[in-house]
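Have the viewer open and follow along.

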Amino acid sequence: MTDKIIILQSSPHFKDKDSVPKIMYAVIISLAPAIFTSLYFFRFKALVLLLSCVAACLTTEALFLFLRRKPLHSLLDGSAIITGLLLAMTLPPSLSPELAVIGAVVAMAIGKQVFGGLGNNIFNPALVGRAFLQTAFPVAMTTWIPSVMTKVDILTYATPLGNLKFENAVAQGTLTSLKDLFFGNTGGCLGETSALALILGGLFLLFRRVIDWRIPLGIFLSLTIFTGIFWLANPEKYTSPLFHILAGGFLIGAFFMATDMVTSPITPLGAWVYALGIGLIVGLIRFFGGFPEGVMYSILFMNTFVPLLNRYTRPRILGGRRKG
Amino acid sequence: MSTRSIGQEFVKGLWDENPVFRQLLGLCPTLAVTGWVINGLAMGLATSFVLIFSSLVVSSIKKFIPSQVRIASYIVIIATFVTIADRCMAAFFPLISKNLGPYIPLIVVNCIILGRQEAFSSRNSVGRSFIDALGMSSGFVLALLILSSIREVLGVGTFLGLQVMGTWFKPWIIMILPPGAFLTLGILLGIALHIERKTKARK
């Protein structure tokens, strides 16, 4: 090194042990508690949906990699498996597997590969697949069954949020108990029923620093403040913030969907704006929108702003002009 | 003046200069009325009628139109034929006319028609303008047919109202809704661009 005074090297200059597969497999581990609770509550139906989504995502990814003459080994980086798992977690347990497969193909093909594969997609692929299914098969996507723990023999069931919106549950006193919401003994998508399992997975991701802590915290704060104001103003009509945090897809959205590295802002300020926006839109849709639940649309909506947020919150380069 | 042969003048509208897939013109009706094949076909034919007759008129009186007011003159000519098409459809096909609603009168502002007058009919002979309008119309009808066939078959499982998908098929309702139009058009444009690049690379 005697003759080299200045070492010339192209970026990235700072390397650490993290790699795409390593991060992806950490996400898969963090999803494990939620997967186990979904298997526990919905048994065979959950297993079939999880397997068919993952298989369809891997097949679609492989097909696109082959068509675009890309190395097939990037199939094993885990991103396709995660999209499959996350998509399955957001599906109602009664959905037939062939519809789930259509959603998985759309998620990988239209949500990810048409933009150029991992790292280039604008929207969270799993949510693109779910949004497609929601619009393509609105009836199948909103038919809910109770978990196997429910002793009453009934065929269909309302989700806690559907109950809140369409059955006037606050006035009738039939609101789902917070305990059931916390442990997951209620109707809903595979992975959204148990708050406990999702919090465990989310804490693992935060602890491993796979996800940016600002995003779940920001979404949490803005939904709590928004629903809290309405709750304090009129507790007869609106439910408490705690209910809104535990019910529906809020936790899986805040911990696993909104924090997707590709589709969330890279700057701290951008992450705050993004997260506060998601929480606010969830509250707006739940209180005033046509749907009982709005986590999916709020995340997809804020995804569109990510390139803009990254551009406007770019940190000033050292020595650069203050405005420019 | 165009230097192409008469045959090329017609064929360019089908692919090389296809108004929808290559020029990205007339996208409003393309997206709005292609939920059902019958609507797409009716829209395509009505637009073709207006385009062909406007081109004939514009190319035959092009010498008398002062260039300062040419756009206004084209619009008056186009609007005349749109009114004829609109009234005829309302009289002979009231149901289709009702389905298409405001999109028939809106043919007046279809960029394909005004674009062809400005770019072609105003500087070419009557015969060439007729062939050009015929080619562009065929290209437009072809695009609407492709789009509406995909959307109707996947969205309701029928083609021109005939059941083509088996009972196992669950219709993808999204395809006959506006998002289905954008998705289908986007994918078709991607495929068109891909084919274009492949053929260019081969040359």
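## Chain B, then a helix of chain A

Reading chain B from its N terminus, the elements come in the order α-α-α-α-α-α-α-β-β-α, that is, eight helices and two strands. Please keep in mind that this is a predicted model.

| Property of chain B | Value |
|---|---|
| Box filled by the C-alpha atoms, along the principal axes | roughly 60 × 50 × 25 Å |
| Buried share of the 203 residues | 37% |
| Share of contacts with a separation of 6 or more that join residues 24 or more positions apart | 75% |

Now let us move to chain A and its helix α2. How many of the 11 residues of α2(A) are buried? The count is 11 of the 11, so this helix is largely enclosed by the rest of the structure. The buried residues run from A:Ser79, A:Ala80, A:Ile81 and A:Ile82 through A:Thr83, A:Gly84, A:Leu85 and A:Leu86 to A:Leu87, A:Ala88 and A:Met89. Their cover includes α1 (20-67), α3 (97-109), α4 and α11 (250-257) of chain A.

Two packed helices are described by the angle between their axes and the distance between the axes. In chain A, the axes of helix α2 (residues 79-89) and helix α4 (residues 125-136) come within 8 Å and cross at roughly 40°.

Which residues make the contact? From α2(A) come A:Thr83, A:Leu86 and A:Leu87, while α4(A) brings A:Pro125, A:Ala126, A:Gly129 and A:Arg130. Sorted by class, the contact of α2(A) with α4(A) has four nonpolar, two polar and one charged residues.

Helix α4(A) also turns up where the chains meet. Eight residues of chain A are in contact with eight residues of chain B. On the chain A side, α4(A) provides the largest share, three residues. By class, that side has seven nonpolar, one polar and no charged residues.

Definitions and conventions. Residues are numbered from 1 along each chain as its sequence is written. Chains are lettered from A and ligands numbered from 1 in the order in which they are written. This is a predicted model: local features need pLDDT of at least 70, side-chain atom pairs count only at pLDDT 80 or more; totals for chains, interfaces and linings use all residues. Axes are lines fitted to C-alpha atoms, for helices over the stretch in contact, and angles run from 0 to 180 degrees between N-to-C directions. Helices (H or I, at least four residues) and strands (E, at least two) are DSSP runs, numbered from the N terminus. Two residues are in contact if their C-beta atoms, placed from the backbone, lie within 7 Å. Ala, Val, Leu, Ile, Met, Phe, Trp, Tyr, Cys and Pro count as nonpolar, Asp, Glu, Lys and Arg as charged, and the others, Gly among them, as polar. A residue is buried if 20 or more other C-beta atoms lie within 10 Å of its own, exposed if 12 or fewer, and partly exposed in between; C-beta atoms are placed from the backbone.
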